[in-house]
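Have the structure open as you read.

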Amino acid sequence: MKIGFIGVGKIGQAIIKGLLSSQVNNQDIMVLKSQHHTAQKVAQKYHLFLANDYSALNVNEIVIVAVPQSALKAILEQLKAHYHGLIVSTSGGDLTAVNAELPVDTSFVKAVPNTPVQINAGITALSFADQESETNRNLVINLFQKLGQVYVVPEKLLGIYGTVAGCTPAFVDIMMEALSDAAVINGIPRQQSYQIITQMLLGTAQLAQKTQQHPGQLKDEVTTPGGSTIRGVAELEATGFRNALIQAVEAANK
Ligand SMILES: NC(=O)C1=CN([C@@H]2O[C@H](COP(=O)(O)OP(=O)(O)OC[C@H]3O[C@@H](n4cnc5c(N)ncnc54)[C@H](OP(=O)(O)O)[C@@H]3O)[C@@H](O)[C@H]2O)C=CC1
Ligand SMILES: O=C(O)[C@@H]1CCC=N1
């Protein structure tokens, strides 16, 4: 299957990396050249086809649009005139309104991948128009399943799925930085602190995933009566850690 890209910044490149490491051939990926030469550099780096204009994209079964949301409308206008196939947008758009304006042989699908798609450990939330064909749904689902888990959700829930899976990596990254700072204050070398913290997060996540135990129960197993962990937990409660996370998700989902 041939896949085209319009916009290969952070998330576009993350998808490309994931696809290339899942045996998708670089000869099957095309990127449309971009104003600040990001696409030209990416095409060179990964040995991908560089499309000079929209008409060259027509060989692709899927075109992934991963541009700032403000650029989407103009790009869809161009695609409408030059491309027939599946358009997958990571840049928002209204499923009903966009599909209504496209030719019958062209469909518009929405996707919110997260950055771990680049190591095939991602999550992608997808929304399809009600009338989307089974064939098209399966094409898109199979493509994103190469990059990790896929959730097909109604459009009105895409925002919150995208927030919980797609924005929260940044929240966790901040947590890792802060934990590392605390480790460094107490004398652990910076690099070693990141090794410990990333492994701790991996192990904690895998334990929760494998045992399916409630997080509260897993927390209770760490908090020895009169011990050190519960003192840290009490401090997190006093400083509003839970509420900070809930409010961060609420703010991101607006
Ligand atoms: N980053 C993330 O984790 C996620 C992002 N998203 C969404 O995906 C979209 C892209 O995000 P992200 O990759 O982070 O953004 P970036 O700014 O990193 O990348 C956007 C890219 O789009 C290119 N571009 C802009 N306008 C055009 C155009 N008219 N034609 C061709 N290329 C164009 C730019 O190329 P050039 O630099 O050459 O101008 C740039 O490299 C956003 O809407 C974002 O909300 C969704 C899920 C996750
Ligand atoms: O910050 C953003 O707007 C995008 C959406 C999900 C992740 N990044």
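## Ligand shells and a helix pair

Helix H6 (residues 155–185) is the biggest contributor to the shell around ligand 2, giving 3 residues. Helices here are DSSP runs of H or I with at least four residues, strands are E runs of at least two, and both are numbered from the N terminus. This is a predicted model, where local features need pLDDT of at least 70, side-chain atom pairs count only at pLDDT 80 or more, and totals for chains, interfaces and linings use all residues. Residues are numbered from 1 along each chain as its sequence is written, while chains are lettered from A and ligands numbered from 1 in the order in which they are written.

Around ligand 2 sit Val112, Gly162, Gly166 and Cys167 (near means a C-beta atom, placed from the backbone, within 6 Å). Ligand 1 has 26 residues around it, with Gly7, Gly9, Ser34, His36 and Thr38 coming nearest. H1 supplies the largest share of that shell, 3 residues.

| Shell | Nonpolar | Polar | Charged |
|---|---|---|---|
| Ligand 1 | 12 residues | 13 residues | 1 residue |
| Ligand 2 | 2 residues | 2 residues | no residues |

Ala, Val, Leu, Ile, Met, Phe, Trp, Tyr, Cys and Pro count as nonpolar, Asp, Glu, Lys and Arg as charged, and the others, Gly among them, as polar.

Back to H6: this helix packs against helix H7 (residues 190–211) at about 130°, axes 9 Å apart (axes are lines fitted to C-alpha atoms over the stretch in contact, and angles run from 0 to 180 degrees between N-to-C directions).
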